[in-house]
Amino acid sequence: MRRLGSVQRKMPCVFVTEVKEEPSTKREHQPFKVLATETVSHKALDADIYNAIPTEKVDGTCCYVTNYKGQPYLWARLDRKPNKLAEKRFKNFLHSKQNSKEFFWNVEEDFKPVPECWIPAKEIEQLNGNPMPDENGHIPGWVPVEKNNKQYCWHSSVVNYEFEIALVLRHHPDDPGLLEISAVPLSDLLEQTLELIGTNINGNPYGLGSKKHPLHLLIPHGAFQIRNLPTLKHSDLLSWFDGCREGKIEGIVWHCNDGCLIKVHRHHLGLCWPIPDTYMNSKPVIINMNLNKYEYAFDAKCLFNHFSKIDNQKFGRLKDIILNV
C-alpha cells in the first residue's frame, strides 16, 4: 500500500461550506457555525475525491517526524501567529468587505518570534524565500520535542531518543479488527505526520488513562482506513455518522492520489463531537512491545517501562488499559 499524505496545512472541507449565525457546538464562545452544504467543493473534485482513500480523522494534536541533531525526532505543531497590531489589522480587513483586495503581510515585522529551531510546514506558500500565512493568518510549523521540555511533556512521553522508538497505535498487521500498541523505530516514521492522543490532549475524547496515570499514544495519519463508506452525498454521510458503528468517529480524511487531503468533520454536518462510545474504543487492543532486545532499564515511571510489563496482554478496549506506573 502506498504511503498516505502527511498533514502539513489546513485541510479543506469536501463540501462547500456556509456560515450560520448561531452558537457553535465545536468551539465555546464562537457565535457562528460552519456547516456543509450539499455541494461537493471544486477542490475535492480537482483532487479526484471519488478515487481517494477515506480514513478516520483522529482527534488529537498533530505531530511530525523528521531529523534533528542528526537523528529522527518527534516535532510538535507550533503555528507562527501575528502580533497584536497585525492581528487587529487583519481582522479589520476581514470585516471590511474589501476581500476583493489582497491583504499584505510583512512577515518579518507582523509575526511573533518563534524558537530558532522552528521550521515552517511543507507545502505552504513562500514569497521571496519567506513562508506566507494561510487564510487564517497563521504560518503552520514545527518545533522539535526536546526530552526535558515541560511544555511538550506529553509528546515526550511517547518517544525514547536513546533507542529512537515511539509508542504507536495502529491496526494489528494480521487482524484488521484488532488494534496494536507497539514500539516503532522513529526511522520508520520519517517524514510522516501523526496524531498524539491521550489523557491530556483535547479533552481526551477516547477516555485514555487517568489524571494519576496518564496515557498517550501516536497514530500515523491514514492508519485507520474506512472500508464501507457510503456514496459522497450529504444525506448519506449524515446517516452513516449518525447510525453506523463505524461512523462513531470525529470525521473523515480523504487521501487523494495527488497528495491532497480533504476532510469532513461531524460538526460540518451539525452532529456532536465528542461522543460517548467511539468506534476506536469498540475494538480490542493487544500490547506488542518486544523491548528485551534493547537491554536497557527504562525509567520506572515512563510508558515504555509500563508497557514492557504488560507485553502480549490483550484488552477489550483502549479504555481498559489502566496504568500503574
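Where is Glu-123 found? Glu-123 is in the loop between β6 (119-120) and β7 (126-127). The model is predicted: local features need pLDDT of at least 70, side-chain atom pairs count only at pLDDT 80 or more, and totals for chains, interfaces and linings use all residues. Residues are numbered from 1 along each chain as its sequence is written, and side-chain values use heavy atoms, with hydrogens and water left out.

**View 1. The loop residue Glu-123.** Glu-123 is not a glycine, yet its phi is positive, about 75 degrees. Its relative accessible area of 48% makes it partly exposed (buried is under 20%, exposed over 50%, partly exposed in between; 1.4 Å probe, protein chains only). Most residues other than glycine have a negative phi, and most peptide bonds are trans.

**View 2. The loop residue Asn-290.** Asn-290 lies between β17 and α6 (303-309). Its phi is also positive, about 50 degrees, although the residue is not a glycine.

**View 3. An open antiparallel sheet of three strands.** The order is β3-β15-β16 (strands are DSSP runs of E, at least two residues, and helices are runs of H or I, at least four, numbered from the N terminus; two strands pair if DSSP finds at least two bridges between them). At the edges, β3 (53-57) and β16 (261-265) each pair on one side only. Five antiparallel bridges join β3 to β15 (residues 251-255), and Ile-53 stands opposite His-255 in β15.

**View 4. The cis peptide bond from Trp-273 to Pro-274.** Omega is near 5 degrees. Pro-274 is in the loop between β16 and β17 (285-288).
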